[in-house]
Amino acid sequence: MAQVAAVAKPPAPPRRRRASATPRRLPYLLIAPAALLMLGFIAYPVISVFYYSLQNYNPTKPWRNGYAGFDNFVHAFTKDPVFWDTLVFSAKWVVVEVGLQLLFGLALALIVNQTFVGRGLGRALVFSPWAVSGVLTSAIWVLLYNSQTGITRYLADMGIGSYGTSWLSDTSTVFPAAVVADLWRGVPFFAILILADLQSVSKDLYEAAEVDGASRIKQFWHITLPHLKDAIILSTLLRAVWEFNNVDLLYTLTGGGPAGETTTLPLYIANTSVDAHNFGYASALTTVAFVILLFCSMVYLRLSKFGGESK
C-alpha cells in the first residue's frame with residue numbers, strides 16, 4: 001500500500017494591516033488641550049487690545065464709549081507730545097541698558113570662565129541678582145538711595161556731597177541712578193548665557209592659536225567673539241524687548257518721575273489705563289509699541305544675520 005507523504009503547506013504570510021492614523025496623531029491629541037489653553041491665554045488678550053484700540057473705552061465715562069476708528073492713533077502721533085517723549089526715553093533706556101549689560105556681562109563671563117580657587121562661589125555670587133524680582137530689586141535700591149540712611153548719607157559723612165541729597169529726586173542724577181539699579185539685576189542674564197556658550201568652545205582652537213603666536217586679544221577677536229555671535233544676538237534681542245517693556249523697576253523706583261524724566265512708553269501706557277482709565281487710548285499705544293518692537297526685531301535679526309555662518 002503506497003503511502004503518500006503529506007507535504008506541509010507553508011504558512012500564509014500575514015496580511016498587512018493598514019497603518020492606523022491614531023498612533024501618528026496621538027502626540028498631537030495629547031498636547032492639544034495645553035496648546036488650546038495657551039492659545040486662548042495669548043490670542044484673547046492680543047485680539048482684545050487690537051479691538052479696544054479702535055474704540056473709545058473709559059469705564060468711568062460710559063457715555064463717551066463707542067467706535068473711534070483710527071482717532072486714537074491719530075491723537076498719539078499728532079496731538080500727544082508725552083507719547084513722543086516717552087518713546088524717545090524708551091529708546092535711550094534700551095540702548096544704554098542693553099549696551100552696558102552686554103559689556104559687563106561679557107566681562108564677567110570671561111572672568112568666571114577661568115580656573116581659579118572659589119570659582120563656584122564666584123559664579124553663584126555673579127548669578128544671584130538674576131534670581132531677584134524686579135520689585136524686590138527696586139526696593140533694595142530705594143533703601144540704598146535713601147537720603148537719610150543710604151549711600152548719600154555715608155558719602156556726606158566723608159565730605160562728598162551734602163546731607164539730604166536724593167539721587168532719585170534730582171533730574172540730573174535720576175537716570176544714572178536707575179541705570180545702575182537695573183544693571184545690578186540685568187548683567188547676570190548676559191553672563192549666564194555667554195558663559196554657557198563659552199564652555200562649548202574647543203580648547204584646541206586656543207592651543208593652536210597660541211602655537212601660531214596669536215595674542216589674547218587676537219584670540220578673543222577671531223575665536224571667542226565669532227563663536228559667541230548667535231548667543232550675543234539672541235540675548236541682546238531678548239533683553240532689549242524686556243527693557244523696553246520694563247515697568248516694575250522704574251515704577252517702584254521712581255514712579256516715572258521726577259517730572260516724567262524716567263517715564264517709558266509702557267509705563268505711560270500703564271498710567272493711562274490704570275490711573276486715567278482710558279483703556280481705548282492705552283490699547284492704541286500698546287498696539288503702536290507692539291508694531292515698533294516687531295519691526296525692530298525683524299530688522300535686527302535681518303541685519304545681524306542670526307543663525308548664519310560667521311566670516
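Predicted model: local features only at pLDDT ≥ 70, side-chain atom pairs only at ≥ 80, totals over all residues.
**Ring pairs**

A pair of aromatic rings is described by the distance of the centres and the angle of the planes. In this model the count comes to 18 aromatic pairs. Here are two of them:

| Pair | Centre to centre | Angle between planes | Type |
|---|---|---|---|
| Y57 and F279 | 6.2 Å | 45° | tilted |
| F89 and F175 | 5.8 Å | 75° | edge-to-face |

Let's start with Y57 and F279. Y57 is found in the loop between β1 (55-56) and β2 (66-67), while F279 belongs to helix α13 (residues 279-304), so their pair ties together parts that are 222 residues apart in sequence. Y57 has 30% relative accessibility and counts as partly exposed. F279, at 31%, counts as partly exposed too.

Now for F89 and F175. Their planes are at 75°, and over 60 degrees counts as edge-to-face, so this pair gets that name. F89 lies in helix α3 (residues 81-112) and F175 in helix α7 (residues 174-198), so the pair ties together parts that are 86 residues apart in sequence. Are these two residues buried or exposed? Both F89 and F175 are buried.

**Charges over rings**

Elsewhere, R185 lies over the face of W130, at 5.5 Å from the ring centre.

Key: Residues numbered from 1 in each chain as written. Heavy atoms only, no water. Phe/Tyr/Trp six-rings, centres within 6.5 Å; stacked < 30°, edge-to-face > 60°. Helix = DSSP H or I, 4+ residues; strand = E, 2+ residues; numbered from the N terminus. Buried < 20%, exposed > 50% of the residue type's maximum accessible area, 1.4 Å probe, protein only. Lys NZ or Arg CZ within 6 Å of the ring centre and 35° of its normal.
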